[in-house]
Each structure stands twice: as C-alpha cells, then as structure tokens.
Amino acid sequence: MAEPAYSLLPDTGEPGFGVYVHWPFCAAKCPYCDFNSHVRHQPVDQERFAAAFLKEMATMRQFSGPKVVTSVFLGGGTPSLMKPETVAAILDGIARHWHMPDGIEITMEANPSSVEATRFRGYRAAGVNRVSLGVQALNDRDLKFLGRLHDVEDALKAIRLAREIFPRMSFDLIYARPEQTVEAWEQELRQAISYAVDHLSLYQLTIEEGTPFFGLHRAGKLIVPDGDQSALLYEATQEITAREGLPAYEVSNHARPGAESRHNLTYWRYGDYAGIGPGAHGRLSHGANRIATATERKPESWLEMVERDGHGMIDQEILGYEEQADELLLMGLRLKEGVDLARWQELSGRDPDPRREETLLEHGFIERLGNSRLRCTPSGMLILDAVVADLAC
C-alpha cells in the first residue's frame, strides 16, 4: 500500500512552540565537537532512558501549560543510534503531553555511519518526516581529519536512502578546513547541491575550548584559514547557494523557499521550546515570566535525577525583559527576515539608539524593512556579533 502524500503545514511566520529531545550518546567523539555527547562502550538501556524522557516531559508540560507543537527535533549526540521503538515512544509521549497536529515538522539527526534502510523505515513509521545528516565533508581525507566514522561512499548511500524514505532531508557540511581553497570548496559545494533536495546547513569550522582541536590549535599543530580567507569562503558559499536556488535564510542555513527548518526558525524567531534530556536547554513562558531551563549534562546523573525528582533540571532562570530583548536581537539578526522591531521595543522598553543605528546604516551593515523589521546586510552578517553588541547597548 502506498504511503499517503505528505503535506507540511504552512509557515505562518509566528515563532511557534518546539520540543527538543537530546540523545546524548555517540559511537565516537569528534575532535571538533563541544556538544553534550558521550561514548559508552556498553549498550545503553534505551527503555530506561525513554521512560525518563517521558517523565521529564510531564514536568515540562507543567511549566509550559497546554501548547500546540509546531516542530519536534531529536538531536544529539547521535539520535540515529536509537531503536525505532525508542523514537516511537518519545513521539507518542510528546503527543500525549501537548497537541501535535498532523503535518508538523519532526526532524531527526543521523550520522551516515549509523544508517541502514530498515532503521530509517522504522523512524519514518514512528513519525519522523525530516532527517538531518551529519555528512560534514565530501572527501575521505577531510572526513578522517574531522574524526568521522563514515566515508564518502557511506555518506552518499545515506543521502540516497534519506531521499527515498523521508519527505524532507538536509545535510551538514563543515568548511574553512585547514588548507581549504575557495576553488576546492566551490567544487565540493556544487557537488553537495547536486545531492541536496531542498536544504543544506553549511558551517565554518570553529575551534572550541575543551576539544582536542583546541589543544592542537593552541600548540600550532592545527592551522585554520585566517579571517580574510574565511570571509572569502563565506562569500563564495552565499553566491553559489543563491545562484543554485538555495539562498541563505540564516547565517549558516540554506533552503529552497518553503523548505526552511521550522524548528530552527522557532529558535531564531525567539519562540518557546521545551528542552528534554541530558544537557538540553529550553525557553518556556510561564504566566508573565519567561524561564530559561537547563538540565544536568552527564547522562547517568540526569537519569538518576529524573527517576528521583521527575526532571533533571539544574537551572531555572527567570529572564528579565532586557535579557529577553537581547536574546531576541541575538537570534533574530541571524535571519534574513531580521528582527520584529515592535516585539523588541515591547521587551526592551526603548527604541534602538538612533546614533548607533545610523552609524550601522551608513556603513551598510544593517537595513530597515519598512518600519517593522531590522536586519543585517550580507556585509553585516560577516561581523554579526559586533552588530548585535552595538545595537544591544
């Protein structure tokens, strides 16, 4: 029997309400990664973790109140190490605690090394309708450098399977790798676009403190492109993706119109989201307050806390209006659509400083979209942190 046609609900432009579930386990730790991921050499008790996810959901539901879920994201770690039954239990739990309409985006991250057709079909049957593949490079030398367990052949197999099984698919690439030229990146990017359906996430390699790459970089054993070369790589990325019909809608994310990641748009539009699982963060409106939540990072400690207390939260901070305004600016200026000025003014209680805004306008770093929105120009995106810092003062 043929699967019914998939229809994604339209993007209303509203922030929405997302649910993020963090699966913290990986088969190996990549040397550039500072995410909350852990390697375990014994099988993980998935039934026990699934029960804990459901228990923490119940607590988050008390904070959020009744909500209509507009997206779900299963991130990690490597969620594709989960059994399809575990994924089904998690999604069923979300549907029990909040309202999940048909046609919402349900994304799962997957590594090509942990992909197989049977497992993918099981995830699809559980309700996943979008997969995000951690490809990271399309040559075997750089995949080895990045510590990936897959090769290019594995990556292409995973892409083909994802295109066959899921209605929507994206994959990630990392650029600004050591000795990478603009010409080599352009060739690799065009190759990636030929495999992509409607979405690509393209990140510059960053050296994060606490990672193996950080130590190598500090010792002078790992040299990454300097600022000028990174800017050239970024500009080439924007030009090629725009020309090929996948323009940037956010600093590092590119999509055909209508194929933007709904879940990530919830973050960047500063919507509410429940963060569930070890090391997950959330933003929940509770009455007149907006609460920033964070959970225990170590999986086993989080598990014990949830089984004892009903949640693994170690931080519940009530955000003041000024803090919310700064976060709204920080997130919204990443987007091509920019920031809703009325919402920023409501939270901050003020207008943007006219002198600072005028200076940024004169230098071509920001622009107004009518009277309602403010956004970074392509030049402003290159110095995004500085633009945000200037406007937030």
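What radius of gyration would a compact globule with 393 residues have, and what does the chain have? Hi everyone, let's work through that together. One thing to keep in mind is that this is a predicted model.

For 393 residues, a compact globule would come out near 21 Å, and the chain has 21 Å, so the two agree. If you draw a box around the C-alpha atoms along the principal axes, that box is roughly 60 × 50 × 50 Å.

Now, what is the chain built from? It holds 15 helices and 17 strands. Look at the contacts between residues at least 6 apart in sequence: 71% of them join residues at least 24 apart.

Next, the inside. Of the 393 residues, 53% count as buried. The largest nonpolar core has 100 residues, and the ones touching the most other members are V72, I94, W98, F120, L133 and F171. Helix α5, residues 152-165, gives this core its largest share, with eight residues.

Let's zoom in on F120. Leaving aside residues up to four places away in sequence, F120 touches A110, V115, V131, L133, A158, L161, A162, I165 and F166. There is also a second, separate core of 11 residues, and among them are Y249, L265, Y267 and Y273.

The chain exposes about 17,800 Å², with 51% of that supplied by carbon and sulfur atoms. As for charge, you can count 41 positive and 57 negative side chains, and the centres of these two sets lie 4 Å apart.

Methods. Residues numbered from 1 in each chain as written. Predicted model: local features only at pLDDT ≥ 70, side-chain atom pairs only at ≥ 80, totals over all residues. Heavy atoms only, no water. Helix = DSSP H or I, 4+ residues; strand = E, 2+ residues; numbered from the N terminus. Rg over C-alpha atoms; globule rule 2.2 N^0.38 Å. Buried < 20%, exposed > 50% of the residue type's maximum accessible area, 1.4 Å probe, protein only. Contact = heavy atoms within 4.5 Å. Areas by Shrake-Rupley, 256 points an atom, 1.4 Å probe, with all protein chains shown as cover. Lys, Arg positive; Asp, Glu negative; His and termini not counted. Charge placed at Lys NZ, Arg CZ, Asp CG, Glu CD. Core = buried A, V, L, I, M, F, W, Y, C linked by side-chain atoms within 4.5 Å.
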